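Please keep the sequence and the structure in view while reading.

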Amino acid sequence: MSAEDTYEGGLRKVARVILLDPQERILLLHGHEPDDPADDWWFTPGGGVEGAETREEAALRELAEETGITDVELGPVLWRRMCSFPFAGRRWDQDEWYYLARTTDTRQVVPVAAGLTELERRSVAGARWWTCGELARAHETVYPTRLAELLRTLLDEGPPARPVDLDTEIV
């Protein structure tokens, strides 16, 4: 059983990945409430830090578990945010760090069932590579909510000199 399945509250340390391919597309996962597939959103790969692992180790582990992609060059922390949201019948309070990563593995990603937790198997519906323009025009819910704007700044200006603290998001 993983940290996702045993989370009981408190501030959860999370590592997320802004994974870009050579065409500057970003990989997002498609999630939904376990018992309500119509309540859906797109989000970056990542998850909770387990045991004594570093956030960098958690970012790479979560990416491999959720997507099967392991050929990755992990870069700096781009953004940090605090967030709180309801999911699967409980409230999740998270301290999230977003790492830049690049890959040449641009296959059509199907979330790897063997690497997903039981809760993730019930709530992750797929994955997709998005261009910045597609993301800016999307009518779907995307987290973090300013991702299209943040990605445009990243692509135009490169990574920030130090991590940017994003506004707290409470859903």
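## Overall make-up

The accessible surface of the protein comes to about 8500 Å², and carbon and sulfur atoms account for 50% of that surface. Such areas come from the Shrake-Rupley method with a 1.4 Å probe, and for residues only the protein chains shown count as cover. The model is predicted: local features need pLDDT of at least 70, side-chain atom pairs count only at pLDDT 80 or more, and totals for chains, interfaces and linings use all residues. Residues are numbered from 1 along each chain as its sequence is written, and side-chain values use heavy atoms, leaving out hydrogens and water.

The protein has 5 helices and 10 strands; these are DSSP runs (helices H or I, at least four residues; strands E, at least two), numbered from the N terminus. Of its 171 residues, 47% count as buried. Buried means under 20% relative accessible area, exposed over 50%, and partly exposed in between (1.4 Å probe, protein chains only).

## Two nonpolar cores

A nonpolar core is a set of buried Ala, Val, Leu, Ile, Met, Phe, Trp, Tyr and Cys residues joined through side-chain atoms within 4.5 Å. The largest one has 21 residues, of which V17, L19, L27, I69 and V72 touch the most other members. Elements that each supply at least two residues of this core include β1 (11-20), β2 (26-33) and α2. A second, separate core has 19 residues, among them W42, W79, L150 and L151.

## Helix α2

Helix α2 covers residues 55-67 and reaches 18 Å from its first C-alpha to its last. This is close to the 18 Å expected at 1.5 Å a residue, where the expected span is 1.5 Å times one less than the number of residues. Its buried residues include A58, A59 and L63, but also R55, R61 and E62. After α2 comes G68, whose phi is positive, near 80°.

## Salt bridges

A salt bridge is a side-chain nitrogen of Lys or Arg within 4 Å of a carboxyl oxygen of Asp or Glu. The whole structure holds 14 of them. In one, D95 pairs with R55, with the closest N and O atoms 3.0 Å apart. D95 lies in strand β6 and R55 in helix α2, so the pair ties together parts that are 40 residues apart in sequence. Both D95 and R55 are buried.

R81 and E169 form another salt bridge, at 2.7 Å from N to O. Because R81 lies in strand β5 and E169 in strand β10, this pair joins parts 88 residues apart in sequence. R81 and E169 are both buried.
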